[in-house]
Amino acid sequence: LQRQWQELLEIVEWISPTQEQVHGVLVLLAIRGIVKAKAVTRQIPKPHRRPERAITFLMECCQQAVPSATHLSDKAMEVIKSALEVHETFNLAQMLQGENVPGSVVKLKELIRDAEGEEALRNYMLFLLGFMSGVSGGEGSRFMNAKNAEGFIAGVRMLQQLTSSTPRGIYWGLLVARADALEIPRETAEDFALVRLACLARVQDPKSYVHLRSAWDGLGIRERDLLMDHFLADGMDQRAYVLEFLPACVQNAQQNKVIGLSLLLEVLVDIICNLHPAVASSPAGEDAKIVPCNLSDLAEFVQVVKNRFIFRTCISRARLRWLGDRLTLEMTGGNWARLNEADSDTTALANTIKEISDRQRELESRLHRNEGPYKLQRVIC
C-alpha cells in the first residue's frame, strides 16, 4: 500500500496540476453524471449525444442545466474540453478492461503529438484519477483498493511511454502484466485471447479464470476461432470491433442464473457474425479500422431475461443501427416483449434442438478440419 501510494503521488507530480486544472476537473466530475439521464440526452441534438459531446454541449448552450460551468475561467473550461476530447478518443478504463484495441492507442498517440496534446493528456489523467477514485462512491475510495490501484498505476505508466513505445507494445504489455498478476498462461494465441477475455470479465483471481476457461472450452472450434480473431484484431492491420459495455454484459450474464457466461459467448459469436455485413454494406464503416458498437441495450436485456432460448436467439430479433461512425445494437420490441416469457415445453424443445444442431456442426468441423494449430500471426510487441 505504501508503494502504491507513493506511485500515485508520483503520477500527480507528473501531472503537476494548477489550481485551474483542479477546478475544471472537479466541475467535470460533478456534472458528468447528468448525461446518463435519458430524459436529458433526448433533448440534445443527435450529433452531440455521445457523453463527452453532450457535456460540452450543455456547458456551451444550456448552462442552466450545469450551473457550475458558469463559474469556470476560460482556462478551466479548456481543461474540461481537452480532457473530454482525449476521453472520447481513448478511454483508459476501457483498456484496463480489454474493451479497446492497439489501434485505440494509435489514435491517442496522434492526438498528443504536440505540446498542447501532451497537456490535454495530463488534464485527462487528472480527471481519470478523480473518476477512478470515486467509482462506487462511499467514504474514501471503495474502488481504488490495492488490487484495482495496481492496474490503474500500470495503465498510467504504460501511457507515459507513448512517445517511446509502440502501440502494440503498450497495449499488450498492459495485458501481459495483467496475466502475470493473475498467474494465467500467456504463450499461445488462445492464451492472449483469453487474457483479454479475462479483463473483459473482470477476473480477479485464478479460480474465476478457471470458470472462464471452462466456458471457453465448451464452445465449438468455429466459435473459438471466430472469437480469437475478434480478440486479437488490433485495429491497425485488421479491422477491429470495440464492443462497448461488453464487461457489463459479461457481469450481468454471470449474475443471471438462467444465462451464464457460456451462453453469452455464443450470443457474442452471433453479434460478430452480424457486424461483418453491417460494416461492409455501409459507407460509414467501409474503410474504418476500428468500429465501435454500443452493447448497453444488450447489457440491460441479459440482466433480466428469464428464458435461455429467448436469449440464445435474441440477435435474430435485434437491429444494428448506425449513428455517425458508430454502431448501436438495439434489442427492439421483439425481444423486450418476450422478456418475462418463462421456459415452456415449446421453448425447451426448441433450445434442445438448437443445442443438438450446434453439436452436430461442431462434430462436422472436427471431422473436416485439416488446419494445423492456430498460430499467432500478429505482432504483440
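Lys 38, Arg 42, Lys 46 and Arg 49 gather in a patch of positive charge on the surface. Patches are made of residues with over 30% relative accessible area and no salt bridge, like charges being joined within 9 Å; Lys and Arg count as positive, and the place of a charge is taken as NZ of Lys or CZ of Arg. Accessible areas come from the Shrake-Rupley method with a 1.4 Å probe, and for residues only the protein chains shown count as cover. The model is a predicted one, in which local features need pLDDT of at least 70 and side-chain atom pairs count only at pLDDT 80 or more, while totals for chains, interfaces and linings use all residues. Residues are numbered from 1 along each chain as its sequence is written, and side-chain values use heavy atoms, with hydrogens and water left out.

Arg 49 is found in the loop between helix H3 (38-41) and helix H4 (51-61); helices (H or I, at least four residues) and strands (E, at least two) are DSSP runs numbered from the N terminus. Arg 49 counts as partly exposed because its relative accessibility is 32%, where buried means under 20% relative accessible area, exposed over 50%, and partly exposed in between.

Strand E1 (residues 240-244) is mostly covered, with five of its five residues buried. Ala 240, Val 242 and Glu 244 point one way from E1, and Tyr 241 and Leu 243 the other way. E1 pairs with strand E2 (residues 290-294) in the parallel sense over five bridges, pairing being assigned if DSSP finds at least two bridges between two strands. Cys 293 in E2 is the bridge partner of Leu 243.

Salt bridges (a side-chain nitrogen of Lys or Arg within 4 Å of a carboxyl oxygen of Asp or Glu) number 22. One of them joins the side chains of Arg 326 and Glu 244 at 2.1 Å, N to O. This pair links distant parts of the chain, with Arg 326 in strand E4 (residues 326-330) and Glu 244 in strand E1, 82 residues apart. Arg 326 counts as buried at 15% relative accessibility, and Glu 244 counts as buried at 8%.

Glu 266 forms a salt bridge with Arg 312, the closest N and O atoms being 2.6 Å apart. Here Glu 266 lies in helix H15 (residues 260-280) and Arg 312 in helix H17 (residues 308-312), 46 residues apart. Glu 266 is partly exposed, with a relative accessible area of 25%, whereas Arg 312 is buried at 4%.

Note on methods. Patch = residues over 30% accessible without salt bridge, like charges linked within 9 Å, V, L, I, M, F, W, Y side chains within 5 Å. Buried < 20%, exposed > 50% of the residue type's maximum accessible area, 1.4 Å probe, protein only.
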